Amino acid sequence: MKFYTDLNYFDIENYVFKRKNQGHYRIHHMYFYMCLLPKHLKKSLLERFENYSMYPKWVYSRILNVEETFCHTIEECDYVVLPSDLAVLSISPRKSFFRYEELIKKAILNNKKMLFFYGADDNSEFNISKEYGYVFRNAGFASDHDTNVLGCPTFNLFSYCKTYRKKDLSVAFCGKIDTDSCNEVFDKQKYRGIRKQVYDELFEKKCVEGILRENWLGMVETNYESHQDKHRAEFIRNLENNLYGLCVRGGGNFSFRLGEVFMMGRIPILIDTDCILPFKDYIPYHTNTVYVTKENSNNFTDVYSVIEEYHKSHTEEELIQIQKENFKIWIEYFTPDFAFKNTCKLLKELDGK
């Protein structure tokens with residue numbers, strides 16, 4: 001499968017983030033674009049990021065593993081990929097998409113489908129005609145979108161505890177529970193406050209080990225460098241110490257923790273607030289997560305009962321096996337080279353290429 005993008009849009013300086021503390025958080029919407037770039041551009045990116053200890057170098061190393069898939073002319077490609085850049089994080093998906101109006105026209109003129117990746121917290125509805133291609137995004141609500149709007153995985157700093165928790169109903173959560181101060185464009189008033197609601201219920205049931213932050217990542221940007229190791233270690237230890245990890249939306253209607261819980265070989269408690277889930281037909285969400293919906297939890301007011309039922313219905317051996325499988329799920333769907341491979345597989349299935 002071959003991809004084309006207009007390299008005139010590629011500006012390496014645009015990928016050296018000014019806000020260093022969000023580097024690993026922001027990378028997830030650019031993985032496909034960077035995977036398909038010519039190898040010399042991938043290497044240039046990797047060299048730039050080696051100067052920043054916070055950036056996940058292993059992510060870029062895995063991007064280098066991707067076979068050459070780039071073609072120099074639009075005529076020979078299977079898909080046109082709209083470029084990813086950091087501006088996508090501060091503007092709506094619609095505005096971001098139409099930044100590339102000339103490339104869009106070129107794709108339509110050549111009868112080539114487009115791929116558009118959008119990784120910000122903005123939940124606003126955005127659809128394109130199915131004949132024009134696919135949108136991949138993290139946030140937003142599934143019921144607002146057509147079937148050609150697909151989920152996009154997140155990537156994170158690699159950690160793995162290599163041990164498995166025995167049968168103990170304990171839930172990890174580390175972060176900010178009050179997300180009501182988020183921009184209303186992001187929130188769209190749908191499931192607003194759900195994180196605090198669910199956390200409070202689990203706290204009342206005495207089954208959650210919570211490390212609560214006052215700010216995003218528990219700190220302000222000015223002192224981030226001095227706190228990053230300490231806070232990251234607390235986050236990882238919190239997941240190590242518990243069998244389950246709470247995954248519930250924040251400002252954007254998705255959970256960055258979902259990939260991290262899989263990565264740690266733990267079991268996500270996935271609060272599905274009409275999420276656009278990554279690889280929803282490939283990842284066995286209904287068996288390898290505690291899959292909580294408004295239907296099975298009385299509109300998310302009785303989440304504990306869903307967790308308890310899942311926990312009681314599995315033996316300790318089964319729960320350990322699920323933890324092992326979940327780490328494999330992370331490798332297969334939440335690391336750049338494998339996510340790229342599976343996105344290509346998905347496109348082949350959708351379009352019969």
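**The second largest pocket and its surroundings**

Mentor: Start with β5. This strand gives the second largest pocket the largest share of its lining, three residues. Strands here are DSSP runs of E, at least two residues, and helices are runs of H or I, at least four, numbered from the N terminus. A pocket is an open set of points on a 1 Å grid over the protein atoms alone, with protein on both sides within 12 Å along at least five of seven lines; a cavity is a set where a 1.4 Å probe fits but cannot get out, and lining residues have an atom within 4 Å of a point.

One caution first. The model is predicted, so local features need pLDDT of at least 70 and side-chain atom pairs pLDDT 80 or more, while totals for chains, interfaces and linings use all residues. Residues are numbered from 1 along each chain as its sequence is written, and side-chain values use heavy atoms, without hydrogens or water.

Back to the pocket. The second largest pocket has a volume of about 460 Å³, the space filled by probe spheres set on its points, which are joined across faces, edges and corners. Its lining counts 26 residues. A142, V149, I276, L277 and K280 lie nearest the centre of this pocket. Two elements, β5 and α14, each give two or more residues to the lining. By type, the lining of this pocket has 15 nonpolar residues, four polar and seven charged. Asp, Glu, Lys and Arg count as charged; Ala, Val, Leu, Ile, Met, Phe, Trp, Tyr, Cys and Pro as nonpolar; the others, Gly among them, as polar.

Now follow β5 into its sheet. Five strands form an open sheet in the order β1-β2-β3-β4-β5, and the pairing is parallel. Pairing needs at least two DSSP bridges between two strands. The neighbour of β5 is β4 (residues 133-137), joined to β5 by three bridges and running parallel. Look at F136: its bridge partner in β5 is L150. Strands of a sheet pair through backbone hydrogen bonds, either parallel or antiparallel.

Helix α14 (residues 336-351) lies across β1, β2 (79-81), β3 (113-118), β4 and β5. It runs at about 145° to β4, on a scale of 0 to 180 degrees between N-to-C directions of axes fitted to C-alpha atoms, for helices over the stretch in contact.

Move along the sheet to β2. V81 sits in this strand. Is V81 buried or exposed? V81 counts as buried because its relative accessibility is 0%; buried means under 20%, exposed over 50%, partly exposed in between (1.4 Å probe, protein chains only). V81 touches F3, Y4, T5, F32, Y33, L36, L103 and L115, leaving out residues up to four places away in sequence. Contact means heavy atoms within 4.5 Å. F116 is 35 residues from V81 along the chain, yet their C-alpha atoms are 6.3 Å apart.

The structure holds five cavities of 30 Å³ or more. The largest cavity contains about 130 Å³ of space. Its lining has 18 residues, with F254, S255, L258, L277 and P278 nearest the centre. α10 (257-263) and β9 (267-271) each supply at least two lining residues of the largest cavity. That lining divides into 13 nonpolar residues, four polar and one charged.

The second largest cavity has about 50 Å³. A172, F173, C174, F235, N238, L239, G245, L246, R257 and V261 line it. β6 (171-175), α9 (224-240), β8 (244-247) and α10 each give two or more of these residues. Seven are nonpolar, two polar and one charged.

Then visit the loop between β10 (290-292) and α12 (303-312), where N299 lies. F300 is in that loop too. N299 is not a glycine, yet its phi is positive, about 60°. F300 also has a positive phi, near 65°, without being a glycine. N299 counts as partly exposed because its relative accessibility is 47%. F300 is buried, at 1%.

Finally, step back. The protein has 14 helices and 10 strands. Of its 353 residues, 58% count as buried. Among contacts with a separation of 6 or more, 70% join residues 24 or more positions apart.
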